[in-house]
Amino acid sequence: MSAFVWLTIMTALRILGRNRMRAGLTMLGIVIGVAAVIAMVSIGEGAKRAVQAQIATMGTNVIIIFPGVTSASGVRGSQGSAVTLTVSDALELKKRIPLLADTGWTRRDVMQIVYGNKNWNGPINGISPSYLTIRDWSFTSGGPFTQTDLDSAARVALIGQTIVENLFESGEEPVGAVIRIKNVPFRVIGVLAPKGQSAQGSDQDDVIFIPFSTAERKVFGTSFIGSVGAMFGSTEQVEDLPMAVEQIREVLRGRHRLQTEQNDDFTIRTQVDIGKVQEGTSETLTMMLFAIASVSLLVGGIGIMNILLVSVTERTREIGVRMAVGAKRRHIMMQFLIEAMTLSLVGGALGIVLGVAGAKLTTVIAGWPTIISGDVIVIAFFFSLVVGLFFGLYPANKAARLNPIEALRYE
Amino acid sequence: MSPLIECEDVWKIYQVGDVEVQALRGLSLTIEQGEFVAIMGSSGSGKSTLMNILGCLDQPTKGHYRLNGVEVGGLRPDDLAGIRNQQIGFVFQSFNLIPRTSALENAQLPLFYRGLSIKEQRTQAAAALGRVGLHGREDHYPTQLSGGQQQRVAIARALVTSPSLLLADEPTGNLDTQSSREIMAILEALNRDEGITIILVTHEVDVAAYAAREIVIKDGQILSDRRTKARPPSSPVEG
């Protein structure tokens, strides 16, 4: 049997080689289908990986709690416009919910920062020291401030890469330098390691951190002492997030004395929620890709079936001769199936080459990150095999069922 | 030893629309091993139908056909294919070589379906081509060969399996006189020297003259069956 299969494959290749133009046109559908899938999946995978990396920059198992929306006299403010969350809320949460590994809080405002003769308008964040650990910030030089700095409302600052680039000359060491925020001098004690864009597209490195107490008393001039812009929490395990969210909601509703019919005056988001939104987008993209791929593979398969039917008709006499000298139905069947699969596999291989080249070209020309996964290549190859087999079955069966006498007489 | 071919009251009835066509009507025929038989008859006489049945391409509607003592009627198509592959060699009027395929590969074809190794297929096919005088033409394609040479490739293809029966359907019908003589000489030699049973269908009297027995078919029945040469039905050399 192996000699039979081997010779049949050789014969199939020879027949295809003889009708190169026809074989090429027949394979085109498969080539385009497979190439499109490979290229699109590579681009999609690259985008997904980039988004995942962005989400990872948020920290690990992070919960974010925003204050609710003000609705004074029917005029609704933007999210976070209400001053419903306070430092004591955050401390209480940590005390009452053991699932929370830590809680932190921030308030932010955009202000002018001056160093030497340069200035920059950047977001000033008054933070609790725990915020840095929750959000996984690390340092390229210097280090974080401490609880002591918070207690004493020390005038110390941590600055992000974007601030460094805009206020300092290249090569200049920012740690130890004194910058002025709203005319208050701050000593830079740490430079933050870069995080890049957030999942929402904002520059996470355009940031200055100062102790929350210092921000409250010396920079922002708050009317409600202790009110925060956002609270953060984190859990040890990602599975604990939903439970922690429920407990936070319960504690906050209790502290804010909300009746059962009243809505929350805060919003809780987790890293998983944000990830899901992104995943949803990429799932839609994947489904669309799948639809495109299915259609082109279907068209490619029909092309193969069509040309095989032509081939069966053209070679009716040959089939008759083969039957006369002793070919059984399965031999004839195999011959045409192998031809179909050779067509689809050669087409699939060409498609893979074209798809990988397309993905690489996209990276070079458009600068999009692409990831070519071995899985996709294997799946594409497998699918072209299946297409060949499926669409080859009908013509092969038609050939195998020919009556040898009529086939021999066919003109 | 049973005769090679035993036909007993063989009927072949086709249904063409509402009309019933009786191609063979209760034909009985016995052919011994080693005979050289010519079957003659006008077109529509049923001789092609008989050839198809003898060649196991078709089966009788009624009656019995035993080849080497084995009842062929009622066998499945794949079993018939197996019998054709093992016992029968075909030579057609229009050669029926596979186009754009070398002489060697054409001669290999029956062995291909026997599942022999590629090497064995090549060796045996080359030997068969040598027997019909085509040594050195193994790599030629049908278009590069004359009609007579193409028919010799077809004979090699029929011989390569060492069949007990060789069916030649108008083997010289598409050939000039010179090539016809060469082909008939080869067939005659195969019958005489190797004892291969040959059944030949032809219109031409001088072609039929090579055979030792002449059967004339008319309206699906045997009109006449006579020995034209005094030769023993069983050749001394077994094929």
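Let's start with α5 and α6 of chain B, which in this predicted model pack at an angle of about 20°, their axes 9 Å apart. Angles under 35 degrees count as roughly parallel, so α5(B) and α6(B) are roughly parallel to each other. The crossing of α5(B) past α6(B) is right-handed.

Which residues make that contact? From α5(B) we have Gly147(B), Gly148(B), Gln151(B), Arg152(B) and Ile155(B). From α6(B) come Ser179(B), Glu182(B), Ile183(B) and Ile186(B). By class, the contact of α5(B) with α6(B) has three nonpolar, four polar and two charged residues.

Now a helix pair in chain A. Helix α1, residues 2–18, packs on helix α11, residues 329–366, at an angle of about 55°, and the axes are 9 Å apart. That angle makes α1(A) oblique to α11(A). Here too the term is right-handed, for the way α1(A) passes α11(A). On the α1(A) side the contact residues are Thr8(A), Ile9(A), Ala12(A), Leu13(A), Ile15(A) and Leu16(A). On the α11(A) side they are Met334(A), Gln335(A), Ile338(A), Glu339(A), Thr342(A) and Leu343(A). The contact of α1(A) with α11(A) divides into eight nonpolar, three polar and one charged.

Staying with chain A, the domain assignment. Domain 1 is made of residues 2–54 plus 277–409, and domain 2 is 83–264. The C-alpha centres of these two domains of chain A lie 56 Å apart.

Back to chain B, for the sheet. Strands of a sheet pair through backbone hydrogen bonds, either parallel or antiparallel. In chain B, four strands make an open sheet, ordered β2-β1-β4-β5, with antiparallel pairing. Which strands are at the edges? Those are β2(B), residues 19–31, and β5(B), residues 70–71, each of which pairs on one side only. Strand β4(B), residues 62–67, pairs with β5(B) over two bridges. One bridge partner to look at is Glu71(B) in β5(B), which goes with Arg66(B).

Last item, the contact between the chains. How many residues does each chain put in? Chain B gives 22 residues and chain A gives 20 residues. On the chain B side, α2 (77–87) and α3 (103–112) each supply at least two residues. The most comes from α2(B), with six residues. The side of chain B that touches chain A consists of eleven nonpolar, six polar and five charged residues.

Key
Residues numbered from 1 in each chain as written. Chains lettered and ligands numbered in written order. Predicted model: local features only at pLDDT ≥ 70, side-chain atom pairs only at ≥ 80, totals over all residues. Contact = placed C-beta atoms within 7 Å. Nonpolar A, V, L, I, M, F, W, Y, C, P; charged D, E, K, R; others polar. Domains from an automatic or database assignment. Pairing = 2+ DSSP bridges. Axes fitted to C-alpha atoms, helices over the stretch in contact; angles between N-to-C directions. Parallel < 35°, antiparallel > 145°, perpendicular 65-115°, else oblique. Left-handed = near helix turned anticlockwise from the far one by under 90°.
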